[in-house]
Amino acid sequence: MSQPTTGSTGGTGSRGTSGTDGAAGTGGPTGRPVVLRGGTVLTVDATRQVLAGHDVLVVGDRIAAVGPGLAVPDGTVEIDAAGGIVMPGMIDTHRHLWQTAMRGYGADWTLTQYFVWYYLEWGRVFRPQDIHAGNLLGAVEALDAGVTTTVDWSHGLRTTEHADAAADALESVPGRFVLAYGNIQAAPAEWTGTAEFRDFMRRRATGGDMLGFQLAFDVTGDPAFPEKPAFEAARELGLPVTTHAGVWGATGDDGIRLMHENGFMTPETVYVHGASLSADSYHRIAATGGSVSVSTESEQSAGQGYPPSWALRSYGIPVSLSMDTSVWWSGDLFSAMRATLGADRSREHLEAQAAGGTVTHAALRADQVVEWATRGGARALGREADLGSVEVGKKADLVLIRNDHSPVSFPLLNPHGHVAFQAQRADVHTVLVDGRIVKRDGRLVDTDLAAVRRTVEATVDHLRSELGEEAWQRGMNPDVPATKILDNPYTYTDYRSSGTHGG
């Protein structure tokens with residue numbers, strides 16, 4: 001067993017006070033210290049240490065100490081972590097929160113149907129309050145599943161009123177978020193060039209720790225490179241770009257090449273999906289230090305290309321994980337880890353067997369996907385110095401996985417494997433963000449779910465009314481003729497990156 005990691009406790013004192021004293025919601029810079037007692041700690045540090053029977057002490061917004069039997073300051077809130085797993089908060093680098101109010105609606109969609117519904121037909125009927133409702137529900141959903149940092153890939157912001165509604169929702173939830181500003185109803189060069197957009201960024205992007213910003217837009221590969229002014233705006237504003245790249249029939253190698261040739265591929269750039277790319281594109285991403293957000297459930301189901309973790313590993317490209325959208329898929333990163341391991345290993349077995357061989361040792365291991373779901377996300381967001389691992393001095397974004405009512409909670413033999421294959425949302429016992437307890441004893445703290453439900457129901461009622469009942473029902477499985485070439489979802493250009501637009 002690895003040696004314990006210790007640090008200053010932030011003061012000496014007793015063994016603390018009981019965690020059953022109504023202290024949920026405390027902690028953080030203005031609250032009481034918190035200690036998670038006696039858990040199995042997955043540090044997800046550079047050596048991926050596993051520390052059995054260790055405490056994690058939080059003072060203010062930071063991890064103050066990690067070790068067995070810690071002395072803690074008087075008044076510390078104690079949480080029993082024995083039999084459970086303490087790990088870093090998970091980080092999702094690509095989630096369309098605004099679509100969460102339509103949870104499960106598109107379960108049988110292809111990517112073509114998604115494009116038709118949101119880009120071409122109905123995305124424009126979402127009002128600012130509908131963006132707010134989706135973001136509110138999605139943000140709460142993320143925290144409930146132990147996702148402490150979420151990138152809101154918010155491409156439904158057709159006005160700055162929509163953008164303010166999105167940001168307001170995120171700021172009302174005690175999680176850590178990045179608003180990736182996008183607008184699928186207009187050309188990137190158009191919306192990034194408006195005075196209203198610049199005013200929004202001046203007002204909202206104030207450098208706060210809990211809400212960061214990116215620009216979110218895609219590159220079609222049109223030789224005219226119509227997205228260039230948007231990249232220039234991002235550079236002027238000092239904002240990273242996140243872009244759907246390697247999406248079959250929509251964004252491919254030509255877009256990567258144009259970004260590279262014009263000097264817009266940087267270490268801060270996040271390429272979402274990263275499937276359907278050639279070796280040349282992977283080399284360009286690797287050489288410029290960018291990372292790829294893999295959304296395995298999405299890639300498997302929608303058809304962007306085979307989930308690319310196997311290729312990214314071979315090129316040494318950093319990986320983070322994401323779940324994409326609850327209009328289709330699971331709103332947690334347990335599912336993302338599980339699906340990614342399955343897809344990567346399936347590809348490895350298939351290739352070995354096609355060559356007449358077999359796989360004797362899996363190349364992708366459980367501890368690696370746990371790292372992708374935590375520290376990998378921190379790295380992609382430029383926050384590895386203070387997020388993504390359980391280390392003294394880092395931000396106290398922590399998750400306790402413990403469920404005494406579940407037979408799946410024991411025995412705990414392979415902690416990384418348990419997180420990747422056994423754990424699920426219901427096993428998330430406690431969540432801390434910035435030192436604040438936001439979920440405790442399996443329940444969200446200070447969250448009025450009834451009010452969230454009413455907000456979301458109002459949005460669903462509005463959408464059903466706008467579409468009409470026939471279109472609403474038909475939209476769940478729209479009829480796209482087999483011979484139809486998808487109308488270009490990027491309506492600002494006539495360019496098609498491929499002759500096939502089925503995904």
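These legends accompany close-up views of a predicted model of one protein chain.

**View 1. Confidence along the chain.** The protein chain averages a pLDDT of 92. At least 70 is the score of 91% of the residues. Residues 1-24 fall below 50. This stretch still has 67 contacts in the model beyond near neighbours in sequence. Residues 498-503 also have a pLDDT below 50. Here the count of contacts beyond near neighbours in sequence is 18. Where pLDDT is low, predicted coordinates should not be read in detail.

View 2. An unreviewed UniProt entry lists residues 85-438 as "domain: Amidohydrolase-related".

**View 3. Helix α2 against helix α3.** Helix α2 covers residues 128-144, and helix α3 covers residues 160-171. They pack at an angle of about 25°, with axes 8 Å apart. Angles under 35 degrees count as roughly parallel, so α2 is roughly parallel to α3. The crossing of α2 past α3 is right-handed. From α2, the contact is made by Pro128, Ile131, His132, Asn135, Leu136 and Ala139. From α3 come Glu161, His162, Ala165, Ala166, Asp168, Ala169 and Leu170. By class, the contact of α2 with α3 holds 8 nonpolar, 3 polar and 2 charged residues.

**View 4. Helix α3 against helix α5.** Helix α5 spans residues 195-204. It packs with α3 at an angle of about 20°, and the axes lie 10 Å apart. α3 and α5 are therefore roughly parallel to each other. Their crossing is right-handed. On the α3 side, the contact uses Thr160, Ala163, Asp164, Ala167, Asp168 and Glu171. On the α5 side, it uses Glu196, Phe197, Phe200, Arg203 and Arg204. What classes do the residues in the contact of α3 with α5 belong to? There are 4 nonpolar, 1 polar and 6 charged. Asp168 of α3 takes part in the contact with α2 and in the contact with α5.

**View 5. A cis peptide bond at Pro411.** Most peptide bonds are trans. Phe410 and Pro411 are joined by a cis peptide bond, with omega about -5°. Pro411 sits in the loop between β14 (398-401) and α14 (415-422).

**View 6. A positive phi at Arg48.** Most residues other than glycine have a negative phi. Arg48 has a positive phi, near 55°. Where does Arg48 lie? Its place is the loop between β1 (34-42) and β2 (50-59).

Definitions and conventions
Residues are numbered from 1 along each chain as its sequence is written. This is a predicted model: local features need pLDDT of at least 70, side-chain atom pairs count only at pLDDT 80 or more; totals for chains, interfaces and linings use all residues. Side-chain values use heavy atoms; hydrogens and water are left out. pLDDT is the predictor's confidence in each residue, from 0 to 100. Contact means heavy atoms within 4.5 Å. UniProt positions are given in the numbering used here, feature names are shortened, and annotations may be inferred rather than shown by experiment. Axes are lines fitted to C-alpha atoms, for helices over the stretch in contact, and angles run from 0 to 180 degrees between N-to-C directions. Helices (H or I, at least four residues) and strands (E, at least two) are DSSP runs, numbered from the N terminus. Angles under 35 degrees count as roughly parallel, over 145 as roughly antiparallel, 65 to 115 as roughly perpendicular and the rest as oblique. A crossing is left-handed if the near helix is turned anticlockwise from the far one by less than a right angle, and right-handed if clockwise. Ala, Val, Leu, Ile, Met, Phe, Trp, Tyr, Cys and Pro count as nonpolar, Asp, Glu, Lys and Arg as charged, and the others, Gly among them, as polar.
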